[in-house]
Amino acid sequence: MKLLVTGAKGFIGKNLIAELKNRGYEDILPYEIDTDPDLLDVYTKECDFVFHLAGVNRPKDPSQYMEGNFGFTSILLDSLRKNGNKAPVLITSSIQAELSNPYGESKKAGEDLLLRYSEENGVKVIIYRLQNVFGKWSRPNYNSAVATFCHNIARGLEIKVNDPETVLKLVYIDDVVNEFINALEGRENSLGDFCMIPVIHTVKLGRVAELIKSFDALRENLVLPDFSDEFTKKLFSTYLSFLPPDDFSYPLKMKADNRGSFTEFLRSKAGGQIAVNVAKPGITKGNHWHHTKLEKFLVVKGRGCLQFRDYDTDEIIEYHVSGENLNVVDIPPGYVHCIINEGDEDLITVIWANEPFDPDHPDTYHESVEKE
């Protein structure tokens with residue numbers, strides 16, 4: 001299939017074309033505001049399906065709404081009609097088409113034009129009334145408040161929240177793209193004359209700002225967001241996409257001494273804590289036990305021995321571990337345990353605990369594996 005995509009370099013167009021290629025659709029005809037206008041005639045002769053994504057969101061002059069959202073739609077449909085091309089046309093409209101404002105009125109005019117075109121020419125048209133779309137490759141101060149908040153917070157800039165109680169209806173770019181490709185394949189989510197993205201997130205503006213600020217604080221407190229919540233997961237991905245290219249990396253607080261080091265990496269309320277432990281050659285670390293805390297050890301470099309002793313016995317159990325053989329060793333509660341570096345290089349262990357360390361309730365009791 002030859003797919004004509006207007007607004008190809010825009011937020012939705014860029015994401016759509018990338019995913020179309022991922023799914024094997026290679027014959028894509030991109031059309032943008034700076035494309036040679038003569039190509040529109042060529043493309044409307046050849047195309048088998050039209051994704052009409054071009055439009056105007058925030059022009060300097062309100063009159064440009066009608067020119068961009070209605071005028072170009074008229075030009076596109078005239079070109080298809082002239083070439084006798086009855087390819088289906090998918091257009092991105094907005095829920096604001098129901099409102100009396102310049103943007104909404106321009107979107108409604110585009111919808112009405114497309115519906116008349118469908119009726120007069122027997123062409124399938126697919127009209128998506130989109131909520132606010134968020135995700136990677138969106139533009140701050142243009143596409144949505146989410147883009148602006150992510151951009152500013154990632155750079156330490158102020159954000160403005162006029163009314164935190166304002167309720168937003170948001171759709172994620174991956175859900176939009178997936179639905180558009182479903183429509184291409186004849187499986188659109190239709191509701192009468194219009195189509196909708198099936199996954200809609202309803203959230204207050206203040207909550208969006210609060211979440212994004214919490215993402216920015218992760219580098220200090222290391223606390224991961226709650227990824228069991230779909231909106232939080234999508235918003236976090238969006239936030240990370242706005243990090244400045246020279247700010248992808250950040251340091252961790254390493255607790256180091258002559259024995260080696262211990263560095264916490266991540267923590268979460270539901271997922272516990274991940275840390276990296278380094279033991280110098282000949283060093284033993286640990287020699288403690290827990291009532292309830294669970295741990296998993298994974299040696300990724302070096303050679304060592306994990307020793308265990310049930311709390312009220314003398315028998316010592318040993319597990320030899322190596323970075324050449326990646327084996328996870330469970331640390332059950334009630335067992336005194338330690339790890340010994342048996343090699344001549346640093347022993348590096350990734351440690352997961354089922355709960356973040358709490359100095360007020362450490363559940364860590366020092367005792368040697370080898371009884372004195």
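Me: How many bridges join strand 7 (residues 167-172) to strand 10?
Reply: This is a predicted model, where local features need pLDDT of at least 70, side-chain atom pairs count only at pLDDT 80 or more, and totals for chains, interfaces and linings use all residues. Residues are numbered from 1 along each chain as its sequence is written, and side-chain values use heavy atoms, leaving out hydrogens and water. Two strands pair if DSSP finds at least two bridges between them. Strands 7 and 10 run antiparallel, and the number of bridges joining them is four.

Me: Which residue in strand 10 is the bridge partner of valine 167?
Reply: Start from strand 7, which covers residues 167-172. Across in strand 10, valine 167 has as its bridge partner lysine 204.

Me: Which strands are the edge strands of the open sheet?
Reply: Three strands make up this sheet, with mixed pairing and the order 6-7-10.

Me: What does the twist average from one strand to the next?
Reply: Angles run from 0 to 180 degrees between N-to-C directions, using axes that are lines fitted to C-alpha atoms (for helices, over the stretch in contact). From one strand to the next, the twist averages 45°.

Me: How many helices and strands are there in the chain?
Reply: Helices (H or I, at least four residues) and strands (E, at least two) are DSSP runs, numbered from the N terminus. Counted that way, the chain has nine helices and 21 strands.

Me: What is the radius of gyration of the chain?
Reply: The radius is taken over C-alpha atoms, and the globule rule is 2.2 Å times the number of residues to the power 0.38. For 372 residues that rule gives 21 Å; the chain is well over this, so it's more spread out than a compact globule, with a radius of gyration of 29 Å.

Me: What share of the 372 residues is buried?
Reply: Buried means under 20% relative accessible area, exposed over 50%, and partly exposed in between (1.4 Å probe, protein chains only). In helix 9, the buried residues include Phe231, Leu235 and Tyr239. Over the chain, the buried share is 45%.

Me: Is glutamate 105 buried, partly exposed or exposed?
Reply: Glutamate 105 sits in helix 4 (residues 102-121). With a relative accessible area of 44%, glutamate 105 counts as partly exposed.
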